[in-house]
Amino acid sequence: MSIVRNKKTFVIGVSMLLTFVLCYVGMMSPNFGNGRNGLQYADDMFNSLSKGSAYFIDESQKVADGHIGKNINLTIKASSPEDAVKWGKLYTAAGADVTIKDSSLTINGDYGKILGAVVADSDFMYHNDSQPLGKKYGYDGREATYNWNNSLKKIDAALKAKSQFQEEFDLVKVQQKALEPAYNYYGVEIKKVSENKFSLAFLLSFYLIYTVWYGFGLYYLFDGLGIVVAKAKKKTA
């Protein structure tokens, strides 16, 4: 006895699921440039578009400029003497006087210039150029960006302890608007949504249609097999 109850909807369901699988196999093939599959291509595209919308260097520079002439004098502690030396190179290059003792750094300098140095380095890294940082500090540019972030967290805590809340607020703003995007998006190609409207619309439309296609394929398959969802009959007294 055949388990197919509705041949027409069964054939439609099987056809839709087969095309879904064929499309999936095509998407997972490494034919989308640089050995990427379709999912990797889409992921890279969305990362690039996201990066193109995360450029706040000019805004961050204005924040830094607002603190030019303001001095900070505080002590922070690195996780090791080696890290303290690397951190010291960052702040020395920013024009601050740095005293290192074991894992501790005492930083005395213009706060606006320090934040400005963070913004300038972030701009290089945002544009995937780590060489200027490597030449300036004598070690890898991405590690320098990482060290900026870790040391600024320590400065953040020190500013809070001194009740310098405006300085702390602006430090966090520079971290979030300039430093973090520069570090997280390093190596990602920059693409603007305005220049890639067709690609974005295609990817979003394809995702929607592909998902719906799978759902309707299952629906027609189960309908052809006679598997349907029906409301439970009300019990009569």
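This is a predicted model: local features need pLDDT of at least 70, side-chain atom pairs count only at pLDDT 80 or more; totals for chains, interfaces and linings use all residues.

Trainee: How many aromatic pairs does the structure hold?

Mentor: A pair of aromatic rings is described by the distance of the centres and the angle of the planes. The structure holds 11 such pairs. One of them joins Tyr55 and Tyr126, with 4.9 Å from centre to centre and 55° between the planes, and this pair is tilted. Tyr55 belongs to the loop between H2 and helix H3 (57–65), whereas Tyr126 belongs to helix H5 (residues 111–126), so the pair ties together parts that are 71 residues apart in sequence.

Trainee: Is Tyr126 buried or exposed?

Mentor: Tyr126 is buried, because its relative accessible area is 4% and the cut-off for buried is under 20%.

Trainee: Why is the pair of Phe206 and Tyr210 called stacked?

Mentor: The planes of the two rings, Phe206 and Tyr210, stand at 15° and their centres are 5.3 Å apart, so the pair is stacked; the cut-off for stacked is under 30 degrees. Both residues lie in helix H9, four residues apart, which is about one turn of the helix. Phe206 is partly exposed, at 29% relative accessible area, while Tyr210 is buried, at 13%. Ring pairs also link these two with Phe20, Phe202 and Tyr214 into a cluster.

Trainee: Which residues are the closest to the centre of the largest pocket?

Mentor: Rolling a probe the size of a water molecule over the atoms shows where empty space is left. Here the largest pocket has a volume of about 340 Å³. Of the 16 residues that line this pocket, Met27, Leu39, Ala42, Leu203 and Phe206 are the closest to its centre. Helix H9 gives the most to the lining, with eight residues. By class, the lining has 14 nonpolar, two polar and no charged residues.

Trainee: Which residues form the covered face of strand E1?

Mentor: In strand E1 (residues 71–77), the covered face holds Ile72, Leu74 and Ile76, and the uncovered face holds Asn71, Asn73, Thr75 and Lys77. E1 runs antiparallel to strand E3 (residues 104–110), and seven bridges join the two.

Methods:
Residues are numbered from 1 along each chain as its sequence is written. Side-chain values use heavy atoms; hydrogens and water are left out. On a 1 Å grid over the protein atoms alone, a cavity is a set of points where a 1.4 Å probe fits but cannot get out, and a pocket is an open set with protein on both sides within 12 Å along at least five of seven lines; lining residues have an atom within 4 Å of a point. Grid points are joined across faces, edges and corners, and a volume is the space filled by probe spheres set on the points. Ala, Val, Leu, Ile, Met, Phe, Trp, Tyr, Cys and Pro count as nonpolar, Asp, Glu, Lys and Arg as charged, and the others, Gly among them, as polar. Buried means under 20% relative accessible area, exposed over 50%, partly exposed in between (1.4 Å probe, protein chains only). Two strands pair if DSSP finds at least two bridges between them. Rings of Phe, Tyr and Trp (its six-membered ring) pair if their centres lie within 6.5 Å; planes under 30 degrees apart count as stacked, over 60 as edge-to-face and the rest as tilted.
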